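Work through the exercises below with the coordinates open. Each task is followed by a solution in steps.

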Amino acid sequence: MHVGAMSLWEIALGMYPTSHFDQFNDEPFVIIAIWCFNIMTAVFLLNLLIAQLNGAYDAVYADMVGYARLNRAAVIVTTLEQVSEKRWARFIQAQKFEERLEFNEGDIGLPGGLQLTEPSNANPTTVDAIRRFGGSTSRTMPWPAEE
């Protein structure tokens, strides 16, 4: 059995001596089996090649994205070096980082951010992930019972 499997692999890889193919002329079933094995082997090896190329592409793409971000950061740093201190201070003050951000109506959040709104159907959620409890923030006070 192992000699037959080795012969099939030699045929599929083109290493089988052509002089031995004369033995198969009398056996049509063997020729059909060899052709089927060759086709399956070719498909398998092509799929393996495609998987290898896909993995290599993913690695190269990840590196490309990283290098693009580094280039963008370098452009930003060189541009910021040219901005005057007075203009930078005016920009920071215009961002109003000291003001608290409103999460919901009447729910004043943390300062130091930029508030962006998005359409409500962009990221639908059925359960709110942030739970807020009124009252003291003392460590000795127990958490309220959940509903």
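**Exercise 1.** Classify phenylalanine 91 by its relative accessible area: buried, partly exposed or exposed?

Solution. In this predicted model, the relative accessible area of phenylalanine 91 is 41%. Buried requires under 20% and exposed over 50%. Phenylalanine 91 is therefore partly exposed.

**Exercise 2.** Classify the geometry of the aromatic pair formed by tyrosine 57 and tyrosine 61.

Solution. The structure holds two aromatic pairs. In the pair of tyrosine 57 and tyrosine 61, the ring centres are 6.1 Å apart and the planes lie at 20°. Planes under 30 degrees apart count as stacked, so this pair of tyrosine 57 and tyrosine 61 is stacked. Along helix 2, the two tyrosines are four residues apart, which means a separation of about one helical turn. Tyrosine 57 counts as exposed, at 53% relative accessibility, while tyrosine 61 counts as partly exposed, at 43%.

**Exercise 3.** What is the geometry of the aromatic pair of tryptophan 88 and phenylalanine 91?

Solution. Centre to centre, tryptophan 88 and phenylalanine 91 are 5.4 Å apart, with 35° between the planes; the pair is tilted. Both residues belong to helix 3, and being three residues apart there, they are separated by about one helical turn. Tryptophan 88 has a relative accessible area of 39% and is partly exposed.

**Exercise 4.** Which helix gives the most residues to the nonpolar patch?

Solution. The patch, of about 620 Å², is made by Trp9, Leu13, Met15, Phe44, Leu45 and Leu48. Helix 2 (residues 28–81) gives the most, with three residues. Phenylalanine 44 lies in helix 2 and, at 49% relative accessibility, counts as partly exposed.

Conventions. Residues numbered from 1 in each chain as written. Predicted model: local features only at pLDDT ≥ 70, side-chain atom pairs only at ≥ 80, totals over all residues. Heavy atoms only, no water. Patch = residues over 30% accessible without salt bridge, like charges linked within 9 Å, V, L, I, M, F, W, Y side chains within 5 Å. Areas by Shrake-Rupley, 256 points an atom, 1.4 Å probe, with all protein chains shown as cover. Salt bridge = Lys/Arg side-chain N within 4 Å of Asp/Glu carboxyl O. Buried < 20%, exposed > 50% of the residue type's maximum accessible area, 1.4 Å probe, protein only. Phe/Tyr/Trp six-rings, centres within 6.5 Å; stacked < 30°, edge-to-face > 60°.
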